[in-house]
Amino acid sequence: MTTATLDAEGVVQRQVDAYNARDIDAFADLFADDVEVYDFPNTLIVKGKKVFRQRYAERFLHNPDLHAEIHRRFAAGRYVVDFETPRGAQFGDAPAVAIYEVADGLITKVWFIREARI
């Protein structure tokens, strides 16, 4: 595994850990200021860290049972793919795929494929 892959996986794991702890500061700190989040393949749902942080702060506040269960992870270079089940009231335990792009130690883009077969 390359150093870039190991670094990208570490960043993604830290954001999963912060997400599961509902620690908005630790979570948001792992995303770039110009982060973009998409519904796969190209429907932009969040742009910019300020909007990103607000969206997830609200989610953490209103979902005390929020948790992402990672089933499998694949990584190549700066990309990490998680097969996961996000748990919590708003998700209904629907499987998903999250694709992360990591650069300079921060997540720059995320694509979600909802209700994926995992």
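Me: What makes the charged end of Arg72 count as sitting over the ring of Phe83?

Reply: This is a predicted model. In it, the charged end of Arg72 lies over the Phe83 ring, 5.0 Å from the ring centre. The cut-off for CZ of Arg is within 6 Å of the centre, so that distance passes.

Me: Which ring has the charged end of Arg59 over it?

Reply: The ring of Tyr56. The charged end of Arg59 is 4.8 Å from the centre of that ring. The limit is within 6 Å, so this distance passes as well.

Me: Why is Tyr56 called buried?

Reply: Its relative accessibility is 6%. Buried means under 20%, so Tyr56 qualifies.

Me: And why does Phe52 count as buried?

Reply: Phe52 has a relative accessibility of 1%. That is under 20%, so Phe52 is buried.

Me: Why is the pair of Phe52 and Tyr56 called tilted?

Reply: Start with the distance. The two ring centres are 4.7 Å apart, and the cut-off for a pair is within 6.5 Å, so they pair. Now the angle. The planes stand at 40 degrees. Stacked needs under 30 and edge-to-face over 60, so the pair is tilted.

Me: Which aromatic cluster do they belong to?

Reply: One formed by Tyr19, Phe27, Phe31, Phe52, Tyr56 and Phe60. The structure holds 12 aromatic pairs.

Me: How do you know that the buried residues of H3 share a side?

Reply: Lys49, Phe52, Tyr56, Arg59 and Phe60 are the buried ones. They cover an arc of only 95 degrees around the axis, so they lie on the same side of H3. On the other side, Lys50, Leu61 and His62 are exposed.

Me: How far does H3 reach, and what span is expected?

Reply: Helix H3 covers residues 49-62, which is 14 residues. From first C-alpha to last it reaches 20 Å, close to the 20 Å expected at 1.5 Å a residue.

Me: How many cavities of 30 Å³ or more are there?

Reply: The count is 2.

Definitions and conventions
Residues are numbered from 1 along each chain as its sequence is written. This is a predicted model: local features need pLDDT of at least 70, side-chain atom pairs count only at pLDDT 80 or more; totals for chains, interfaces and linings use all residues. Side-chain values use heavy atoms; hydrogens and water are left out. Helices (H or I, at least four residues) and strands (E, at least two) are DSSP runs, numbered from the N terminus. The expected span of a helix is 1.5 Å times one less than its number of residues. Buried means under 20% relative accessible area, exposed over 50%, partly exposed in between (1.4 Å probe, protein chains only). The arc is that of the directions from the helix axis to the C-beta atoms. Rings of Phe, Tyr and Trp (its six-membered ring) pair if their centres lie within 6.5 Å; planes under 30 degrees apart count as stacked, over 60 as edge-to-face and the rest as tilted. A charge sits over a ring if NZ of Lys or CZ of Arg is within 6 Å of the ring centre and within 35 degrees of the ring normal. On a 1 Å grid over the protein atoms alone, a cavity is a set of points where a 1.4 Å probe fits but cannot get out, and a pocket is an open set with protein on both sides within 12 Å along at least five of seven lines; lining residues have an atom within 4 Å of a point. Grid points are joined across faces, edges and corners, and a volume is the space filled by probe spheres set on the points.
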